[in-house]
Every structure is written in structure tokens, then in C-alpha cells.
Amino acid sequence: MKRCLATTSQLAKLLFCLLCILPCLLKLFYSLTEVTGSNKKWLVEPFWSTSQFVRNTKYPKYTSLKFEINCAAIYDHDPVEVGKTLEIRNNDIVDLEDEDVASMVLNCDQYLHLRGYHSDPISEEELGYPLAFSLVVHKNAIMVERVLRAIYMPQNLYCIHYDQKSSSSFKSAMEKLASCFPNVFIASKLELVHYAHISRLQADLNCLSDLLRSSIQWKYIINLCGQDFPLRSNYELVSELKMLNGANMLESVHPSDSKKERFAYHYELQNVPFEYGMVPVMSNLQKDAAPHNIEVFSGSAYFVLSREFVLYINNSLVAKDFLAWSSDTYSPDEHFWASMVRVPGVPGELPRSAREVSDLESKVRLVKWSYLEEQLYPPCTGTRRRSTCIYGAAELRWLLNSRHWFANKFDSKVDPVLIKCLEMKLRERQRNMVEASSQTLYVKNVSGNI
């Protein structure tokens with residue numbers, strides 16, 4: 001009997017010890033699996049991911065998949081360098097999570113230094129021509145941070161609107177990111193944004209209203225989302241915007257019959273079996289014609305608008321009435337701006353009789369639609385999602401040589417190298433152009449004194 005009790009006691013102790021060390025064994029097994037599994041890991045942000053500055057510090061051997069990427073060679077379509085990017089995409093791409101971004105910006109001075117802010121040269125021309133940006137975002141904080149870093153200049157102004165439905169970790173990351181800059185802020189009024197609903201348009205309008213209240217007298221406003229990326233440096237952008245001479249840049253075309261249905265009937269927000277959940281659904285109730293004899297044009301949610309035009313939108317009864325009329329339409333952001341810019345007498349008016357401005361003719365935003373590939377664009381080298389190309393690194397040269405100022409869509413989980421190379425190329429352009437302009441200014445000053 002005593003022997004039985006002793007054996008039972010020993011077994012209990014052994015079991016207790018196993019239970020104590022089991023979590024450690026599981027953690028070790030998980031780490032080894034992550035490193036030695038069939039797929040290697042590619043860290044998009046190797047420094048941050050393996051540092052103590054983020055929430056989810058990665059096992060150091062994650063960096064087992066290492067390539068020296070030559071962006072200049074990728075730009076030149078070097079097959080070896082492009083092949084490296086394909087190898088990366090064939091493995092597991094690990095990027096920072098929302099809570100990591102919230103952690104990395106806790107110490108603002110350290111974050112700004114390590115991320116290289118304020119290191120880009122600025123010309124006098126840029127200082128005297130500040131721009132404003134509206135970023136309407138809802139997920140993937142690290143991509144938002146990269147977009148902000150790519151377009152950031154201390155003389156510009158930035159409003160971030162995040163969706164009320166976003167995760168708490170994403171909201172926290174956005175709040176903390178904005179707090180690190182004197183010229184970046186969160187919109188004072190945040191919307192619960194639904195796909196193709198008036199709330200998407202209202203989010204931009206909230207930012208525009210806030211931006212107008214700033215003491216910074218910005219010249220143009222540009223709106224972006226978290227999957228956009230610039231194709232021009234700030235210096236180039238300012239130079240091209242000056243040539244608009246107060247005009248607005250956006251898509252505005254006569255709507256097709258199918259597009260007319262979007263504003264010919266009353267739509268109601270309903271919960272449907274769709275990935276976006278709540279979406280506007282068409283009813284049988286026909287709408288009255290648009291107020292103030294406004295002719296409805298079709299376009300895009302994305303724009304480059306002059307300060308004077310935005311002031312008009314903010315104060316005009318015509319704009320307010322048209323917005324109210326658009327509130328029960330489908331995707332009103334795709335006809336509101338396209339129509340208002342055609343209203344006679346508005347600042348930077350595009351006359352109704354003027355030729356249509358398609359998405360290819362507008363320089364605002366380059367989107368590669370799958371059904372137009374090999375007709376209007378070269379094939380997508382990344383992947384396709386809902387008829388839209390998510391770009392790959394082999395498109396670097398094509399993107400930078402396009403006439404557009406921004407492009408969509410980018411995703412670090414699809415091709416992180418493209419984003420890194422785009423950022424590097426834009427910084428290079430900014431530096432070269434500012435230095436060239438300074439040298440020209442110096443030569444003129446010398447010759448003037450002589």
C-alpha cells in the first residue's frame with residue numbers, strides 16, 4: 001500500500017513538472033518550426049520586427065531568408081534581381097502588426113530619428129507651396145505609416161480619418177502616429193464607414209472641413225487610402241500642381257446607363273451576405289432630378305482639388321443641397337466631385353461642354369484594371385483582387401514613368417520589395433531635384449550680382 005502511494009506521488013510530481021515545462025517546449029517547437037519549416041520567412045521590417053520597440057518581437061532567425069535587393073537593377077528589369085523578388089513572394093512575408101506600429105511610435109523622437117523623417121531636402125518653392133492630404137483608412141497600420149512617410153513634409157498638413165469599425169489596435173496606432181507630428185491630426189468627427197455609402201464621402205468632407213480651419217494656407221488637397229502610394233516626389237508634385245493654375249484634377253465623364261441607376265433610385269443600407277456587410281441596396285423608389293439643375297457626371301472618389309474649390313464646397317448651399325440629394329444614392333463619392341466640378345462658376349470649373357476626363361487622363365490615381373490589361377496596360381506582375389492589380393516589383397519602372405501622381409493598389413504581403421524600391425526612388429528624386437534647383441538658384445544669384 002505504501003509503495004503504491006509512493007509511486008502515485010512520484011507520478012504526480014512528474015506530471016506537475018511536465019505541465020510546468022510544456023509551455024516552454026511548445027514555444028521552442030513553434031520557434032524552430034517558424035525557422036526550419038518548408039517556407040522561410042521574409043521580414044519586411046527586419047530592424048523593427050526583431051527589436052524591443054515593437055509588441056511582437058520576432059525570433060532572430062526569422063531573418064534566415066536574406067537577399068540584398070538592388071532597386072536600380074529592378075528598375076532596369078534585371079532578371080536576377082526580379083527573380084529575387086519572386087523568391088521572396090514564394091515564402092512567408094512577415095510585416096508589422098497594428099499593435100507593433102502603436103509600440104514603435106511610443107517614443108516619438110526615437111521613432112522619427114530611426115524612420116528617417118526630416119532627412120529629405122526641401123526647396124524654397126516647396127516651402128511656399130504647402131499641400132494638404134486627407135487619408136481615409138481602416139486597416140493595416142504599417143501601410144498607412146509608410147504612405148504617410150512617403151508623402152510627409154513639415155510644411156504640409158495631414159488629416160487621418162479612421163473608420164469607427166476599425167479594430168482598437170488600429171485606432172490606437174493611428175492616434176499615436178498622429179501625436180508624433182505637429183502637422184498630422186485625426187479628424188475631429190469620425191464616421192462609421194460602409195462600402196458605397198454616403199459615409200465614405202462624409203469621411204473626406206470631415207477632413208476637408210478640419211483642414212480649412214488650419215492656419216496653414218495650403219494650395220491643394222489630395223485624398224488617399226491606405227493602399228495608395230505616391231509616384232512623384234513632393235518637389236515634382238508641387239511643380240506639376242503649379243501648372244494647373246487653380247484648376248482641379250479629377251475624373252469626370254458622362255455616366256453609362258448602369259452607372260445612372262446608382263443615382264436614379266433610392267438606396268437603403270442593408271445587411272447582406274457580402275464581404276463588406278452593410279451595403280446600399282436599390283429600392284423601387286425613383287429619385288427626383290438633382291437640385292439646382294446639376295448635371296450628374298461619373299468619376300472617382302479620389303481627387304486633387306484647389307483650396308478655393310474646397311472653400312466653395314464647404315460654404316455653398318448648392319453643394320450642401322447636392323450632398324443631401326446624394327445621401328441615398330449608391331457610391332455618391334463617385335459622382336459628387338465629378339458633378340460639382342462641372343457646376344458653372346465654381347473655382348477651377350470644368351465646363352459641362354468640355355471633353356470628358358477619364359481615369360487614364362486624370363493624373364490623380366493610376367489603377368490597373370484586369371479587364372484592360374494588355375490593351376491599355378502591361379500585365380499585372382503582382383496579383384489580382386476584385387479586378388484590380390496589386391502591383392509587383394517588375395512594374396516599378398512602368399509606375400514611375402507613368403503620367404499619374406499616385407497609384408493603387410499596393411500590399412506589403414504581396415510584394416514588399418516594390419514598396420521599398422518606390423520609396424527609395426522617390427527620396428532619390430527629391431534629393432536630386434532639390435539640389436539641382438538650389439544650384440540653379442545659386443548660379444542665377446551670382447550672375448545677378450555680377
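Tutor: The protein chain comes to 17 helices and 15 strands. Both are DSSP runs numbered from the N terminus: helices are H or I with at least four residues, strands are E with at least two. This is a predicted model, in which local features need pLDDT of at least 70 and side-chain atom pairs count only at pLDDT 80 or more, while totals for chains, interfaces and linings use all residues. Residues are numbered from 1 along each chain as its sequence is written, and side-chain values use heavy atoms, with hydrogens and water left out.

Of the 450 residues in the chain, 50% are buried. Buried means under 20% relative accessible area, exposed means over 50%, and partly exposed is in between (1.4 Å probe, protein chains only). Contacts (heavy atoms within 4.5 Å) with a separation of 6 or more come 74% from residues 24 or more positions apart.

In α9 (residues 168-178), the buried residues are Phe-170, Ala-173, Met-174, Leu-177 and Ala-178. They sit on the same side of α9, because they cover an arc of only 120 degrees around the axis. The arc is that of the directions from the helix axis to the C-beta atoms. An α-helix has 3.6 residues a turn, so residues three or four places apart point the same way. The buried residues of α9 pack against α5, α6, β3, α8, β4 and β5.

Helix α13 (residues 307-315) buries Arg-307, Phe-309, Val-310 and Ile-313. Down the axis of α13 these fall within an arc of 160 degrees, so they line one face of the helix. Their packing partners are α10, β6, β11, α14 and α15.

Now some single residues. His-404 lies in the loop between α16 and β15. It counts as buried because its relative accessible area is 3%. Its side chain has polar contacts, meaning pairs of N or O atoms within 3.5 Å; within protein, one must be able to donate a hydrogen and the other to accept it, and residues adjacent in sequence count only if both atoms are side-chain atoms. Another is the backbone oxygen of Ser-362, at 3.1 Å. Beyond four places in sequence, His-404 is in contact with residues including Leu-231, Arg-232 and Val-364.

Next comes Asn-408, in strand β15. Asn-408 is buried, at 4% relative accessibility. Its side chain makes a polar contact of 2.8 Å with the side chain of Asp-228. Among its other contacts outside four places in sequence are Cys-225, Arg-365 and Tyr-391. The peptide bond from Asn-408 to Lys-409 is cis, with omega near 20 degrees. Lys-409 itself lies in the loop between β15 and α17.

Cys-421 is in helix α17. It is buried, with a relative accessible area of 1%. Not counting residues up to four places away, Cys-421 touches Ile-69, Cys-71, Ile-74 and Leu-396. Leu-396 is 25 residues away along the chain, yet the two C-alpha atoms are separated by 7.7 Å.

What about empty space? Rolling a probe the size of a water molecule over the atoms shows where it is left. The search of the whole structure finds 4 cavities of 30 Å³ or more. On a 1 Å grid over the protein atoms alone, a cavity is a set of points where a 1.4 Å probe fits but cannot get out; lining residues have an atom within 4 Å of a point. Points are joined across faces, edges and corners, and volume is the space filled by probe spheres set on them.

The largest cavity holds about 130 Å³. Its lining has 13 residues; Asp-120, Arg-149, Ala-150, Leu-426 and Arg-427 lie nearest the centre. Helices α8 and α17 each supply at least two lining residues, and α17 gives the largest share, 4 residues. By class the lining has 5 nonpolar, 3 polar and 5 charged residues. Ala, Val, Leu, Ile, Met, Phe, Trp, Tyr, Cys and Pro count as nonpolar, Asp, Glu, Lys and Arg as charged, and the others, Gly among them, as polar.

The second largest cavity has a volume of about 70 Å³. Residues that line it include Asp-120, Arg-149 and Arg-427, along with His-118, Tyr-152 and Pro-154. That lining divides into 4 nonpolar, 3 polar and 3 charged residues.

Methods. On a 1 Å grid over the protein atoms alone, a cavity is a set of points where a 1.4 Å probe fits but cannot get out, and a pocket is an open set with protein on both sides within 12 Å along at least five of seven lines; lining residues have an atom within 4 Å of a point.
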